[in-house]
Amino acid sequence: MKERNQAVLLMLLSALSFSLMQVAVKISAMSVGTLQQVFCRNLISLFIALILLRKKHLPLFGPREYQLPLFLRSFFGFVGMIMLFAATAGARQADIALLNRTSPVWVSLFALLFLKERISKVQAPVISLCLAGAFIAMRPSFDSDAMPLVLALLTAVSSGLAYTMIAFCKGHVNPFTVIFHFSLFSTAASGILMLPSFVVPSWRDAAMLCLIGLFGAGGQIGLTCAYQKAPASEVSIYDYSGIIYSALLGYLLLDEKLSVSTAMGALLITAGGLWAFLYNRKKAGEAEEGGL
C-alpha cells in the first residue's frame, strides 16, 4: 500500500520534471540541434547515476541474468526517443503528443504478456477517460503526413516495451543501475550521431542544456523508481498528468494560451487518475485485510 502511494507520487513528480525539461528544450531548440539536446539530457543522468552507485558501493551493470532486459530497456528507450524527435519534425505537435500518450495502453498489454500482470476492471475505462481528456485538451486533426504519425505511434509502442523492462527488473536491479544502463547507451549513441552537426552553444544555450539534463535526470529517476515500486499497468496511467503540467507551464513560462478545451481535458485526466488511485487503494486495503 505504502509503495503504491510512493509510486504514484514519483510518477507525478516525474511527469512534472519531464514537462519542465520540455520547456528548456523548446527555448533552446532554435539554436541547438536535437541530438545535442539528447546528448546533454542523458550525460547528466549518467553522471548522477554513476555518483550515487559508487557512493552506495553498488554494481554499475547489475546481475548477469538481467543484462538482456537492461539492454532492451536502453535500446527501446533510445529508439523511441529518436523516433519521437523525427516525428515531431514532420507533423503537428497535437497529433504527435496524443499518439505518444497511448504508451500506457502498450504498457498494460506488455505487462500482461511478459509480467503476467492482470488487467484490472478499472484500467480500460480509466485509460479511455485519460485518452479522451488528452484528445479534448490537444485537439488533434490527424491531417499530417502518414509517416510521422506512424513513427509517433511506434514511439509509444517502443516506450511501452522499455517501461515494461524496467518493471521486469523490479526487486532485482537497483533503479540507478537501470538509469546508468540507459544513460550510458543513449549518451554514447547520441554523442556519435551528433558529431557532424555539433555547434558550440552560447552561455544561454549552455544553461538551457544543463536544465534539460537536470530535469531529464529528475524525470528519469522518478519514472524508474515508480515502475519498480508498483505494477507497471497501474503506474503508467499517471503519465497523463504531463499534459496538465505542460499546459500550465506553457501558460506561465511561454505565454501560451489556456483554452476551455484544455481545461476540460485536464479535468477528465484528473478524474481518471483519481479514479485509478482510489480503486487501487481500495483493492490494496482489501488485500491487506484478507492477509490478516
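The structure holds zero disulfides, a disulfide being a pair of cysteine sulfur atoms within 2.5 Å. This is a predicted model, in which local features need pLDDT of at least 70 and side-chain atom pairs count only at pLDDT 80 or more, while totals for chains, interfaces and linings use all residues. Residues are numbered from 1 along each chain as its sequence is written, and side-chain values use heavy atoms, with hydrogens and water left out.

A disulfide is a covalent bond between the sulfur atoms of two cysteines. For Cys-169, the closest cysteine sulfur is that of Cys-225, at 13 Å, which is too far for a bond. Cys-169 is also buried, at a relative accessible area of 1%, where buried means under 20% relative accessible area, exposed over 50%, and partly exposed in between (1.4 Å probe, protein chains only). Cys-130 is buried too, with a relative accessible area of 1%.

Helices are DSSP runs (H or I, at least four residues), as strands are (E, at least two), numbered from the N terminus. Helix α2 (residues 34-55) packs against helix α8 (residues 175-194) at an angle of about 145°, and their axes are 8 Å apart. The axes are lines fitted to C-alpha atoms, for helices over the stretch in contact, and angles run from 0 to 180 degrees between N-to-C directions. The crossing of α2 and α8 is left-handed, meaning that the near helix is turned anticlockwise from the far one by less than a right angle; clockwise would be right-handed. The contact of α2 with α8 involves 16 nonpolar residues, nine polar and one charged. In these classes Ala, Val, Leu, Ile, Met, Phe, Trp, Tyr, Cys and Pro count as nonpolar, Asp, Glu, Lys and Arg as charged, and the others, Gly among them, as polar.

Grid points are joined across faces, edges and corners, and a volume is the space filled by probe spheres set on the points.

The whole structure has one cavity of 30 Å³ or more. The largest cavity holds about 90 Å³. Its lining has 12 residues, with Arg-4, Val-8, Glu-234, Phe-277 and Asn-280 nearest the centre. Two or more lining residues come from each of α1 (2-28), α10 (232-235) and α12 (260-291), and α1 gives the largest share, four residues.

The second largest pocket holds about 210 Å³. Among its 13 lining residues, Arg-4, Arg-118, Ser-120, Glu-234 and Asn-280 are the closest to the centre. The elements giving two or more residues to this lining are α10 and α12, and the largest share, four residues, is from α12.

Most residues other than glycine have a negative phi, and most peptide bonds are trans. His-57 has a positive phi, near 60°. His-57 lies in the loop between α2 and α3 (67-88) and is exposed at 73% relative accessibility. Lys-116 likewise has a positive phi near 60°. Its place is in the loop between α5 (103-114) and α6 (123-138), and Lys-116 is exposed with a relative accessible area of 65%.

Notes
1 Å grid on protein atoms, 1.4 Å probe; cavity = no way out; pocket = protein on both sides within 12 Å on 5 of 7 lines; lining within 4 Å.
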